[in-house]
Amino acid sequence: KSYWLHLRGTRTTMSNIEYSFYYSGPLLFRTQITNEEIKQIKKLIQKNTFPKENESPTCKMHVLDSSNIQKILQPYLNAFKEAHKTWYQKDLHNLKVVSCWANNMKSGDFIPPHIHTNCLFSSVLFINEIPKKIMEENSKYMVGKPRGPGSLNFIYSVSKTNQHIQEMNYMPQKGDYFIFPKDLMHWVFPFKSKCNRISIAANYK
């Protein structure tokens with residue numbers, strides 16, 4: 001598996017001037033799970049393994065079995081440990097899934113800016129392609145930018161200077177799996193299209 005993380009160290013420019021840079025802020029980890037693993041997760045949903053169903057003011061949420069999700073995602077949690085050591089320069093214990101749920105968003109639903117509690121890290125996983133209708137709606141919202149209807153968004157700083165990378169926006173793809181610190185603010189823009197946007201969220205200790 002490959003994941004996107006620049007290595008820490010010295011760089012050399014075309015003019016042969018050496019320089020270094022330092023990591024700052026939270027680690028936002030992104031990888032992609034395989035189609036086979038997506039099938040396994042979908043089977044958990046199809047078997048109706050939800051112990052309960054909660055109605056949220058923003059979208060419908062279904063609680064999933066944490067132990068089964070742990071087995072499927074363990075190789076990626078191991079990769080996250082490696083990324084964590086590179087980013088923070090310290091080891092991370094084996095993470096345990098303590099809660100997991102499916103978010104089923106429909107037209108008009110909104111997941112507002114929020115953080116997670118009672119955990120160390122959180123994640124979001126996409127097991128379906130984003131519906132074409134949402135993609136078309138998003139493309140008309142802000143041409144050339146992923147921020148908009150149906151997008152996943154992270155914000156680290158509210159600084160008004162252009163010298164800070166303060167926000168990251170993604171239009172997710174099937175298999176995308178993001179892991180991040182529990183207190184990294186994130187949200188999902190609402191959409192008007194008559195379709196569903198499904199994601200799997202989890203918390204880890």
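Biologist: Which residues does S199 touch, not counting residues up to four places away in sequence?

Modeller: This is a predicted model, where local features need pLDDT of at least 70, side-chain atom pairs count only at pLDDT 80 or more, and totals for chains, interfaces and linings use all residues. Residues are numbered from 1 along each chain as its sequence is written, and side-chain values use heavy atoms, without hydrogens and water. Contact means heavy atoms within 4.5 Å. By that rule S199 touches W101, A102, N103, V124, L125 and F126.

Biologist: Is S199 buried or exposed?

Modeller: Buried means under 20% relative accessible area, exposed over 50%, and partly exposed in between (1.4 Å probe, protein chains only). S199 has 3% relative accessibility, so S199 counts as buried.

Biologist: Which strand do the buried residues of α3 pack against?

Modeller: Helices (H or I, at least four residues) and strands (E, at least two) are DSSP runs, numbered from the N terminus. Helix α3 spans residues 132-141, with I134, E137 and N138 buried. They lie on the same side of α3, because they cover an arc of only 100 degrees around the axis, taken from the directions from the helix axis to the C-beta atoms. These buried residues pack against β13 (197-204).

Biologist: Which exposed residues does the face of α3 turned away from its buried side carry?

Modeller: The buried side holds I134, E137 and N138. The face turned away from it carries K132 and K140.

Biologist: Which residue in β12 stands opposite F154?

Modeller: Strands pair if DSSP finds at least two bridges between them. Strand β9 (residues 152-155) and β12 pair antiparallel over four bridges. Opposite F154 stands H186.
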